[in-house]
Amino acid sequence: MKIYEKAPAKINLLLDVMRKREDGFHEVEMIMTMVDLADRLEMEELPRDTIIISSQAGYIPLDEKNLAFQAARLIKDRYNVRKGVYIHLDKNIPVAAGLAGGSSDAAATLRGLNRLWGLGISEEELCELGAELGSDVPFCVTGGTAIARGRGEKLERISNPPQCWVILAKPPINVSTADVYGKLRANELKHHPSTKDMLSAISNGSFADVCAHLGNVLETVTLQLHPEVLQMKEIMQRLGADGVLMSGSGPTVFGLVSKEAKVSRIYNGLRGFCKEVYVVRMLT
Ligand code: ATP
């Protein structure tokens, strides 16, 4: 039997870091939502007790370093599954981009194997398993729009933001999430975005207010390290996007746009500077 799962990318409408904890993790407050740019996973049961990963993307690990592999191993170990699985990853989400591609693949693997092997694991338990793989995985298990607290694993579902176009531009650099958090001076941040204002913008369905309250404290690090990300933000603003922000630890910059008429102008303008530009919708 073969099954398929979609693994969408996420963007952070807001990312705040409250403090660095004693256990080395950061205490965060993030508002995340999914966009319609997705990897596609095909999973097929194997009679042998083995996990095999393949992908058309030449630039991701296919061994136990792959997050889909880790998710499959975790579910097999925890639920004593002796059968194996072949997972093909059709990668569309850019890697190490701040779009949680690996985390979403891990979450899709958990959801998919739960179905493939009829394990009957609740969504809550899948989220707990996901938290063992990475801070963004629980959100990717449930999808939708949520506020995440703790180190990202404490999730509260909220309503979806107003529908709009999302233009993603990934400058040709790789950013390590660990490196960005490592360089963040969490206790010296002068400005914090307002979670409260973003939550009321979303619950009021006000697109203009969502754009006005976008904020990501990791920009203080990534924009310093990589001026091309700042430049990308400026270009997107100049081309007329309604709200512009870096997603996660970067380097992807997204622009929110309400009017379809503006989209192709912004897309064409960006393509002059950047090879990787995507136009998608929010997954609401
Ligand atoms: P986040 O926003 O959660 O920090 P990201 O979008 O910045 O994630 P990923 O695309 O998840 O980053 O990739 C981060 C690292 O994980 C890469 O170095 C990559 O080699 C590794 N990796 C492991 N499994 C996968 C996978 N299935 N897809 C993409 N990258 C993976």
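A salt bridge is a side-chain nitrogen of Lys or Arg within 4 Å of a carboxyl oxygen of Asp or Glu. Keep that in mind for the first view of this predicted model.

**View 1. Where domain 1 meets domain 2, the salt bridge count is 0.** Even with 0 salt bridges between them, the two do touch: 26 residues of domain 1 are in contact with 36 residues of domain 2.

**View 2. Here's the area that domain 1 and domain 2 bury between them, about 2,300 Å².** Carbon and sulfur atoms give 65% of that area. On the domain 1 side, look for Leu13, Leu14 and Leu15, the residues that lose the most area to domain 2. Together, these leucines make up 23% of what that side buries.

**View 3. The largest pocket holds about 1,000 Å³ of space.** Its lining has 39 residues, and the closest to the pocket's centre are Leu67, Ala100, Ser103, Asp136 and Thr177. Why does the pocket lie between the domains? Because domain 1 (2-157) and domain 2 (165-281) both give residues to its lining.

**View 4. Now for the helices and strands around the largest pocket.** Strand S1 (2-20), strand S2 (26-46), helix H2 (101-116) and helix H5 (177-183) are the elements that give two or more residues to the lining. H2 gives the most, with 4 residues. Sort the lining by class and you get 18 nonpolar, 15 polar and 6 charged residues.

Technical notes
Residues numbered from 1 in each chain as written. Predicted model: local features only at pLDDT ≥ 70, side-chain atom pairs only at ≥ 80, totals over all residues. Heavy atoms only, no water. 1 Å grid on protein atoms, 1.4 Å probe; cavity = no way out; pocket = protein on both sides within 12 Å on 5 of 7 lines; lining within 4 Å. Points joined across faces, edges and corners; volume = space filled by probe spheres on them. Nonpolar A, V, L, I, M, F, W, Y, C, P; charged D, E, K, R; others polar. Domains from an automatic or database assignment. Contact = heavy atoms within 4.5 Å. Buried area = accessible area lost by both parts, 1.4 Å probe.
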